[in-house]
Amino acid sequence: GCLVLKSPDGYTFHVEDKTVPPAGPVAGITLASTNIQKTVEFWNKILGLTIFEQSESMAILGFDKSQAFIKFLHQPEIEHAKAYGRVAFSVPFSELADAEKLALENGHKILTPFVTLKTDGKADVSVVIFGN
(Lines give C-alpha, C1' and ligand atoms only; values in the text may rest on other atoms or scores of the structure.)
Protein backbone atom coordinates (compact mmCIF):
# COMPACT_ATOMS: atom_id res chain seq x y z
CA GLY A 1 0.00 0.00 0.00
CA CYS A 2 0.84 3.65 -0.12
CA LEU A 3 0.54 6.18 2.70
CA VAL A 4 0.04 9.80 1.63
CA LEU A 5 1.37 12.42 4.04
CA LYS A 6 1.02 16.18 3.77
CA SER A 7 3.54 18.59 5.32
CA PRO A 8 2.41 21.75 7.16
CA ASP A 9 3.43 23.68 4.02
CA GLY A 10 1.12 21.56 1.89
CA TYR A 11 3.70 19.31 0.22
CA THR A 12 2.59 15.75 -0.47
CA PHE A 13 4.75 12.71 0.31
CA HIS A 14 3.92 9.19 -0.86
CA VAL A 15 5.36 6.51 1.41
CA GLU A 16 5.17 2.95 0.10
CA ASP A 17 5.43 -0.16 2.23
CA LYS A 18 8.12 -2.05 0.32
CA THR A 19 11.34 -3.87 1.03
CA VAL A 20 14.20 -1.37 1.16
CA PRO A 21 16.40 -1.82 -1.92
CA PRO A 22 20.21 -1.91 -1.54
CA ALA A 23 20.46 1.67 -2.88
CA GLY A 24 18.41 2.99 0.05
CA PRO A 25 14.83 3.78 1.02
CA VAL A 26 14.34 6.79 -1.29
CA ALA A 27 13.52 5.65 -4.82
CA GLY A 28 13.24 9.17 -6.18
CA ILE A 29 11.62 12.57 -5.90
CA THR A 30 9.13 14.40 -8.09
CA LEU A 31 9.30 18.15 -8.62
CA ALA A 32 7.31 20.60 -10.72
CA SER A 33 8.76 22.44 -13.72
CA THR A 34 7.26 25.25 -15.77
CA ASN A 35 9.60 24.40 -18.66
CA ILE A 36 10.56 20.74 -19.03
CA GLN A 37 13.07 21.39 -21.84
CA LYS A 38 15.02 24.03 -19.89
CA THR A 39 14.89 21.90 -16.76
CA VAL A 40 16.28 18.88 -18.60
CA GLU A 41 19.01 20.98 -20.24
CA PHE A 42 20.17 22.23 -16.82
CA TRP A 43 20.11 18.88 -15.01
CA ASN A 44 21.61 17.00 -17.96
CA LYS A 45 24.09 19.42 -19.51
CA ILE A 46 25.16 21.38 -16.41
CA LEU A 47 24.89 18.80 -13.64
CA GLY A 48 25.54 15.69 -15.72
CA LEU A 49 22.47 13.58 -14.95
CA THR A 50 21.39 11.00 -17.53
CA ILE A 51 17.97 11.33 -19.16
CA PHE A 52 16.12 8.05 -18.53
CA GLU A 53 12.76 9.14 -19.98
CA GLN A 54 11.35 12.38 -21.42
CA SER A 55 8.16 13.72 -22.96
CA GLU A 56 6.64 17.20 -23.34
CA SER A 57 5.08 16.96 -19.87
CA MET A 58 7.66 15.03 -17.83
CA ALA A 59 11.24 13.89 -17.54
CA ILE A 60 13.06 11.36 -15.37
CA LEU A 61 16.79 11.79 -14.79
CA GLY A 62 19.48 10.34 -12.56
CA PHE A 63 23.14 9.51 -12.29
CA ASP A 64 22.56 5.76 -12.49
CA LYS A 65 19.44 3.56 -12.61
CA SER A 66 20.57 1.85 -9.40
CA GLN A 67 20.28 5.19 -7.54
CA ALA A 68 17.41 7.54 -6.70
CA PHE A 69 15.87 9.38 -9.66
CA ILE A 70 14.52 12.90 -10.02
CA LYS A 71 11.26 13.26 -11.94
CA PHE A 72 9.94 16.57 -13.24
CA LEU A 73 6.27 17.09 -14.10
CA HIS A 74 5.14 20.09 -16.11
CA GLN A 75 3.07 22.63 -14.21
CA PRO A 76 1.95 25.90 -15.84
CA GLU A 77 2.63 27.74 -12.56
CA ILE A 78 4.50 26.90 -9.39
CA GLU A 79 3.49 28.46 -6.08
CA HIS A 80 6.50 28.39 -3.77
CA ALA A 81 4.54 30.04 -0.93
CA LYS A 82 6.64 30.15 2.24
CA ALA A 83 8.69 27.12 1.32
CA TYR A 84 11.58 27.51 -1.06
CA GLY A 85 12.82 23.95 -1.23
CA ARG A 86 16.26 22.84 -2.18
CA VAL A 87 17.46 19.58 -3.64
CA ALA A 88 20.86 18.51 -2.40
CA PHE A 89 22.98 15.72 -3.79
CA SER A 90 26.61 14.81 -3.69
CA VAL A 91 29.02 15.19 -6.56
CA PRO A 92 32.78 14.71 -6.51
CA PHE A 93 34.54 17.78 -5.11
CA SER A 94 36.58 18.05 -8.32
CA GLU A 95 33.37 18.49 -10.40
CA LEU A 96 31.59 21.09 -8.27
CA ALA A 97 33.52 24.19 -9.36
CA ASP A 98 33.25 23.09 -13.01
CA ALA A 99 29.47 22.75 -12.70
CA GLU A 100 29.26 26.26 -11.23
CA LYS A 101 31.41 27.68 -14.05
CA LEU A 102 29.34 25.90 -16.72
CA ALA A 103 26.10 27.15 -15.15
CA LEU A 104 27.34 30.76 -15.14
CA GLU A 105 28.56 30.48 -18.75
CA ASN A 106 25.07 29.32 -19.75
CA GLY A 107 23.24 32.13 -17.95
CA HIS A 108 22.05 30.21 -14.90
CA LYS A 109 21.67 31.91 -11.55
CA ILE A 110 23.98 31.05 -8.66
CA LEU A 111 22.48 31.82 -5.24
CA THR A 112 25.60 30.84 -3.28
CA PRO A 113 28.93 30.58 -5.10
CA PHE A 114 31.33 27.70 -4.42
CA VAL A 115 32.23 27.72 -0.73
CA THR A 116 33.58 25.23 1.77
CA LEU A 117 31.68 25.18 5.06
CA LYS A 118 33.26 24.05 8.30
CA THR A 119 31.15 21.58 10.26
CA ASP A 120 32.03 20.86 13.89
CA GLY A 121 33.10 17.28 14.40
CA LYS A 122 32.39 16.32 10.79
CA ALA A 123 34.08 16.62 7.42
CA ASP A 124 33.93 20.04 5.77
CA VAL A 125 31.24 20.40 3.10
CA SER A 126 31.73 22.22 -0.19
CA VAL A 127 28.58 23.58 -1.84
CA VAL A 128 27.18 25.62 -4.69
CA ILE A 129 23.53 26.65 -4.49
CA PHE A 130 22.02 27.01 -7.96
CA GLY A 131 18.88 29.09 -8.54
CA ASN A 132 15.91 27.67 -10.39
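Predicted model: local features only at pLDDT ≥ 70, side-chain atom pairs only at ≥ 80, totals over all residues.
Figure 1. Leaving aside residues up to four places away in sequence, E100 touches I110, P113, F114, V128 and F130. One of these contacts, I110, lies 10 residues from E100 along the chain, and the C-alpha atoms of the two residues are separated by 7.6 Å.

**Figure 2. Salt bridge between E105 and K101 in helix α2**. The side chains of E105 and K101 meet in a salt bridge with an N to O distance of 4.0 Å. Both residues lie in helix α2, which spans residues 93–105. Their spacing is four residues, about one turn of the helix. E105 and K101 are both exposed. A search of the whole structure finds two salt bridges, and the other one is the subject of the next view.

**Figure 3. Salt bridge between D124 and K118**. The closest N and O atoms of this pair are 3.1 Å apart. D124 has a relative accessible area of 38% and is partly exposed. K118 reaches 68% relative accessibility, which is over the 50% limit, and so counts as exposed.

**Figure 4. Aromatic cluster of F42, W43, F72 and F130**. Across the whole structure, a search finds four aromatic pairs. In one of them, the ring centres of F42 and F130 are 5.6 Å apart and the planes stand at 70 degrees, so the pair is edge-to-face. This pair links distant parts of the chain, with F42 in helix α1 and F130 in strand β8 (residues 125–130), 88 residues apart. F42 is buried at a relative accessible area of 9%, whereas F130, at 21% relative accessibility, counts as partly exposed. W43 and F72 form an aromatic pair that is tilted, with 5.5 Å from centre to centre and 50 degrees between the planes. The latter pair also links distant parts of the chain: W43 is in helix α1 and F72 in strand β6, 29 residues apart. W43 is buried, with a relative accessible area of 12%. F72, at 4% relative accessibility, is likewise buried. Together, F42, W43, F72 and F130 form one aromatic cluster.

**Figure 5. The largest nonpolar core**. In soluble globular proteins, nonpolar side chains tend to be buried together. The largest nonpolar core of this model has 16 residues, of which F42, W43, L47, L49, L61, I70 and F72 touch the most other members. Two or more residues of the core come from each of the elements α1 (36–46), β5, β6 (69–74) and α2. Helix α1 gives the largest share, five residues. The view also shows the contacts of L61, residues up to four places away in sequence being left out: L61 touches V40, W43, N44, L49, T50, I51, F52, F69, I70 and F72.

**Figure 6. Open four-stranded sheet with mixed pairing**. The strands of this sheet follow the order β3-β6-β5-β4. Strands β3 (28–33) and β4 (50–54) stand at the edges; each has a single partner strand, so one side of each is left without a neighbour in the sheet. On average, neighbouring strands of the sheet are turned by 25 degrees against each other, direction ignored.

**Figure 7. Hairpin of strands β1 and β2**. Strand β1 (residues 2–6) pairs with strand β2 (residues 12–16) in the antiparallel sense, over five bridges. Among the paired positions, V4 has H14 in β2 as its bridge partner. Five residues lie between the two strands of the hairpin. In the turn, G10 has a positive phi of about 95 degrees.

Notes
Residues numbered from 1 in each chain as written. Heavy atoms only, no water. Buried < 20%, exposed > 50% of the residue type's maximum accessible area, 1.4 Å probe, protein only. Pairing = 2+ DSSP bridges. Axes fitted to C-alpha atoms, helices over the stretch in contact; angles between N-to-C directions. Core = buried A, V, L, I, M, F, W, Y, C linked by side-chain atoms within 4.5 Å. Contact = heavy atoms within 4.5 Å. Phe/Tyr/Trp six-rings, centres within 6.5 Å; stacked < 30°, edge-to-face > 60°.
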